[in-house]
Amino acid sequence: MKREERVILDRQGVDKASETIQNWLEEVKAEHKDILRIRLLMEELLDSVRRYNKQPPEAVLRLIQRSGSVFLVVRYGGERFDPTQTPEDAVSELRGILMPQLGLEPEWRWRNQENELIQRVSRRHMRPEQLMLGCIAAAIAVGLAGPLIPSAVRTGIIDYGLSFLSGGFLNLLNTFIGVMVFLSVISGICGIDDASVLGKVGKRMLVRFVTMSFALCVPFTIIARFCFPLASGSSGAGSQVYSILSLLFGILPSNPIKPFLEGNTLQIVVLAGMVGTILVVSGSQTAHLRTLITELYTLVMRCVTAVCVFLPVFIFSSLVSQLWTGGVDLFFRFGKPLLLCIVLCFVSAAVYLVVACMKLRVRISVVLPKLIPDFLIAFFTSSSAAALPHGMETNEKKLGIDPSFNRMSSPIGTILFAGQASLIFVLNTAFLAEYFGVQVNIGWWFTVWFVSSLLSMSVPPVAGGTISCLAVMLAQMGIPQQGLAIAVALATVMDFFTTSFRVLTMHLEIALQADDLKLLNHEILEKN
């Protein structure tokens, strides 16, 4: 199948091209999360082409389906020009950060004296959450049937089958986790430096999103500290101070290889921060190296995606082993972390709503009904990306946020504003530490807060991205590897609540930022 349309890349032509692209993607049943992303990205790229050429060039749009794959191809005339490497304005600068984070990798090339842009399109498949829930249900069914199987047979299946399957997956995953974190931090630092030309608005927005993500995780960690009474590994004020000092100075790696061998996330982050900062300070001298690191990050993410194809096998084998060896009482203990997750999501969002409405001088009864549709979309899909298209429309037409700021802040907020997402890491870590009897101290809880905040903003946009970050979290906090399957089961359910409340809170955060910058229309906001 092949579709084609010709347009002149003036202002009207760019709008027509972006609308055509969206219609085509909907017809071929592309992933919901990708439709708006690709439309916005291609619109910005084509608009860059329009601004670069004095005379609007002609472009040919093609949608090609070949051997089950779908490609969007745009060919345009004019001078040789790569819009993916030529940032020109605020949105274009942010595009340089968004493309690798959102998994959008348009390819430009000069072919037959014409410019050509190619974007691969992912078709709709069964959602990862649905697949994981199915694996969990199957594992519970097989686990409950365990008493019907002779003990010797169960032991043999675990020792010679299930343990090898789960262990093999963990070995593959651990191969790439440290490198993924290292390259992710460096790419983020270099990307923020590229966005430094955004000026006051862009810098303030980035800092605010990151700061609020770390701040929201503080009460979550404190509440978890009192709800999960863990055995103390040290006592006395002096030893507590010593544990904090040991943590602070222990994050300095003694050599560049040891953090990767030991899986020490904090040391990897510090090492990546040093390298990223030096790359930024070096400026043009290391421009090629920064490009290489971005490409390596893309490669590692694809490797993680390939490994996570076996994620259902790991979930099934690990949970069955846990149920056959520990009994089904494990699942009855899920109640406390799940209930805590729901309560903390609700309370944090309610507090955010009250404070935001007070600052914006608007009634809760006016604002809340405008946010409910996006909340429900995020809840039933467990995806903030699925709620993004409707959410951007809500920001502009119902909350009165300036369109230019909305188009810049909403995609960035989807990545950097973690909100309630850190609950997945905090509560899973605390629950498993209690389950496995891990001894902790105040330095341990400080690490939980810091790593949870960091990972909640660093989940890669690949299948199994949350799982890889959970593996990092548990390894850093001394939780046995067999706890990862339990964490996956809990995180799958928690994600429905954390994602939906995070989307609701993000609307309020963007409105507050817009109000501070005088980019909020209060007449629209206050309208029922």
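Tutor: Helices (H or I, at least four residues) and strands (E, at least two) are DSSP runs, numbered from the N terminus. This is a predicted model, in which local features need pLDDT of at least 70 and side-chain atom pairs count only at pLDDT 80 or more, while totals for chains, interfaces and linings use all residues. Residues are numbered from 1 along each chain as its sequence is written, and side-chain values use heavy atoms, with hydrogens and water left out.

Student: How many helices and strands does the protein have?

Tutor: There are 21 helices and five strands.

Student: Which residue in strand 3 is the bridge partner of alanine 59?

Tutor: Tyrosine 76. Strand 2 (residues 58–66) and strand 3 (residues 69–76) run antiparallel, joined by eight bridges. Elsewhere along strand 3, serine 69 stands opposite arginine 66.

Student: How many bridges join strand 3 to strand 5?

Tutor: Seven, and those two strands run antiparallel, with strand 5 covering residues 114–121. Tyrosine 76 turns up again here, with asparagine 115 of strand 5 as its bridge partner.

Student: And which strand 5 residue is the bridge partner of tryptophan 110?

Tutor: That's asparagine 115 too. Strand 4 (residues 107–111) joins strand 5 through five bridges, and the two run antiparallel.

Student: What does phi of asparagine 112 look like in the hairpin of strand 4 and strand 5?

Tutor: Here's the general idea: most residues other than glycine have a negative phi. In this hairpin, which has two residues between the strands, asparagine 112 takes a positive phi near 55°. Arginine 361 is another case, with phi near 60°, and it sits in the loop between helix 13 (335–360) and helix 14 (364–381). Lysine 518 also has a positive phi, about 60°. Look for lysine 518 in the loop between helix 20 and helix 21 (522–525).

Student: Is arginine 361 buried or exposed?

Tutor: Buried means under 20% relative accessible area, exposed over 50%, and partly exposed in between (1.4 Å probe, protein chains only). Arginine 361 has 58%, so it is exposed. Lysine 518 comes in at 74%, so it counts as exposed as well.

Student: What share of the residues in the protein is buried?

Tutor: Buried residues make up 52% of the 528. In strand 2, seven of the nine residues are buried, so the rest of the structure largely encloses that strand. Strand 3 has seven of its eight residues buried, so it is largely enclosed too. Take leucine 63, which lies in strand 2: its relative accessibility is 1%, so it is buried. Leucine 63 is 55 residues from isoleucine 118 in sequence, and their C-alpha atoms are 9.9 Å apart in space.

Student: How many disulfides does a search of the whole structure find?

Tutor: A disulfide here is a pair of cysteine sulfur atoms within 2.5 Å, and the search finds zero. Cysteine 357 is buried at 5% relative accessible area, and cysteine 469 is buried at 2%. Cysteine 341, in helix 13, counts as buried at 1%.

Student: Which residues is cysteine 341 in contact with, leaving aside its neighbours within four places in sequence?

Tutor: Contact means heavy atoms within 4.5 Å. With those neighbours set aside, cysteine 341 touches Leu423, Leu427, Met494 and Thr498. Methionine 494 is 153 residues away along the chain, yet the C-alpha atoms of the pair are separated by 6.8 Å. Across the protein, of the contacts between residues at least 6 apart in sequence, 81% join residues at least 24 apart.

Student: At what angle do the axes of helix 17 and helix 20 cross?

Tutor: Axes are lines fitted to C-alpha atoms, for helices over the stretch in contact, and angles run from 0 to 180 degrees between N-to-C directions. Helix 17 (residues 422–436) and helix 20 (residues 483–516) cross at roughly 145°, and their axes come within 10 Å. Among the residues making this contact are Leu423, Leu427 and Phe431 of helix 17, with Ala487, Met494 and Thr498 of helix 20.

Conventions:
Two strands pair if DSSP finds at least two bridges between them.
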